Amino acid sequence: MADEIKSLDGLKEAVAAETTALGVDSDEQAMLTETETATPREPVRDEHGRSYATGKRKDAVARVWVKPGNGTVTVNGKPMNEYFARPVLQMLLAQPFSIAGVEGEFDVVATVKGGGLSGQAGAVRHGVSKALTLYEPSLRPALKAAGFLTRDSRVVERKKYGRRKARRSFQFSKR
């Protein structure tokens, strides 16, 4: 243990000598050593033991609270299977839990506005993933690798003037 600490001190001295040789000032050197010794993420929970996150997809915005429980998911005051009747949308909401390996361990309360059902399901999935990483930071690598923490920024393109839709032209008439 003491040998490892000495080798770390030697490494820091070597980095300091190299950065001064390269012309890096002391402030930048301090920033370099701080980033090397980054502290692990801390859980973010409110006074009720919940984690909150906002998820977005298309025009839908979901506010999601995650807390330990028996796995009930409530969306806009209704059970998940009642609000999202299609099995595909229910599968979307179950994905973050199955990837993280915590099925049935968390209760979810979500409120969703805007967009259609598909966009809303994607927004809730995004919010659940973010809230899970805030509640338990050790779940972040699995959810990040699955792509659930990235906001899907694809939205409907706006209609342009002189066009029938965003890109579709009016029908051409030769005569």
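**Salt bridges**

Tutor: D46 has a relative accessible area of 28% and is therefore partly exposed, a class lying between buried (under 20%) and exposed (over 50%), computed with a 1.4 Å probe on protein chains only. The model is predicted, so local features need pLDDT of at least 70 and side-chain atom pairs count only at pLDDT 80 or more, whereas totals for chains, interfaces and linings use all residues. Residues are numbered from 1 along each chain as its sequence is written, and side-chain values use heavy atoms, leaving out hydrogens and water.

The partner of D46 is R50, with the closest N and O atoms 3.0 Å apart; R50, at 27%, is partly exposed. Such a salt bridge places a side-chain nitrogen of Lys or Arg within 4 Å of a carboxyl oxygen of Asp or Glu. Side chains of opposite charge can pair when their charged atoms come close.

The structure holds six salt bridges. In one of them, E136 meets R45 at a closest N to O distance of 4.0 Å. Because E136 lies in the loop between α5 and α6 and R45 in the loop between α2 and β1, the pair ties together parts 91 residues apart in sequence; here helices (H or I, at least four residues) and strands (E, at least two) are DSSP runs numbered from the N terminus. E136 is partly exposed at 31%, as is R45 at 41%.

R154 and D152 also form a salt bridge, at 2.8 Å from N to O. R154 is exposed at 56%, while D152 is partly exposed at 24%. Through shared partners, salt bridges join R57, D152 and R154 into one network.
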